[in-house]
Amino acid sequence: MKALVLTLLFLLIACSEAKIYTKCELASILKQNRMDGYFGYSLGNWICLAFHASKYNTHLVIGPNKDRGSNYGIFQINSRYWCKSNQGPTNNLCRKPCSAFLTDDITADIACAKRIVRDPLRMNAWAGWKKHCKGTNLSKWTSGCRL
């Protein structure tokens, strides 16, 4: 009986762990989802953004921030503007609960990131992208990946 309880406990822990992608795994998924060149941004931009936002961690939540929202998932999507949380007012422009950005399936994250980049701020909406990726040589973010 003890062994069964321990086994179930370990399975529960394993299921709740975040997926942390490698650079090339993420590059492949983003390429399959037509992110390379989306709204003029190369795949390197998206990989650099994800690294500096979350270190490729699908379950990361940071906040609350100064705007009283929190950031969710691999792209750190802000709840104040882009998704619905229970932390106060939101515009929910991606029409998703913030929890949708905390799964290993990043389809919702990708769809919302595409929505964000169509906004007037484009990729400047992400402070990490502005600080670490904008105007830099982005070739290292896809180098070594078989795309």
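Predicted model: local features only at pLDDT ≥ 70, side-chain atom pairs only at ≥ 80, totals over all residues.
**View 1. The largest pocket and what lines it.**
This pocket holds about 400 Å³ of space. Its lining is made of 20 residues, and the closest to the centre are Asn-71, Gln-76, Ala-125, Trp-126 and Ala-127. Helix H3 (43-54), strand S3 (77-78) and helix H5 (127-132) each give two or more residues to the lining. H3 gives the most, with three residues. Sorted by class, the lining comes out as 12 nonpolar, six polar and two charged residues.

**View 2. Val-61 and the residues it touches.**
Look for Val-61 in strand S1 (residues 61-62). Leaving aside residues up to four places away in sequence, Val-61 touches Ser-70, Asn-71, Tyr-72, Gln-76 and Leu-102. Take Leu-102 as an example: 41 residues separate it from Val-61 in sequence, and the two C-alpha atoms are 8.1 Å apart in space.

In H2 (residues 23-32), the buried residues shown here are Leu-26, Ala-27 and Leu-30. Arg-34 follows H2 and has a positive phi, near 60°.

**View 3. Trp-46 and Phe-75, an edge-to-face pair.**
The whole structure has seven aromatic pairs. In this one, the ring centres of Trp-46 and Phe-75 are 6.1 Å apart and the planes meet at 75°, so the pair is edge-to-face. Distant parts of the chain are linked here: Trp-46 belongs to helix H3, while Phe-75 is in the loop between strand S2 (71-72) and S3, 29 residues apart. Both Trp-46 and Phe-75 are buried. Ring pairs also join Trp-46 and Phe-75 with Tyr-41, Trp-126 and Trp-129 in a cluster.

**View 4. Phe-51 and Trp-141, a tilted pair.**
Here the ring centres of Phe-51 and Trp-141 are 5.3 Å apart with the planes at 40°, so this pair is tilted. Phe-51 is in helix H3 and Trp-141 is in the segment after H5, so the pair ties together parts 90 residues apart in sequence. Phe-51 is partly exposed, with a relative accessible area of 26%, whereas Trp-141 is buried, with a relative accessible area of 9%.

Terms used
Residues numbered from 1 in each chain as written. Heavy atoms only, no water. 1 Å grid on protein atoms, 1.4 Å probe; cavity = no way out; pocket = protein on both sides within 12 Å on 5 of 7 lines; lining within 4 Å. Points joined across faces, edges and corners; volume = space filled by probe spheres on them. Helix = DSSP H or I, 4+ residues; strand = E, 2+ residues; numbered from the N terminus. Nonpolar A, V, L, I, M, F, W, Y, C, P; charged D, E, K, R; others polar. Contact = heavy atoms within 4.5 Å. Buried < 20%, exposed > 50% of the residue type's maximum accessible area, 1.4 Å probe, protein only. Phe/Tyr/Trp six-rings, centres within 6.5 Å; stacked < 30°, edge-to-face > 60°.
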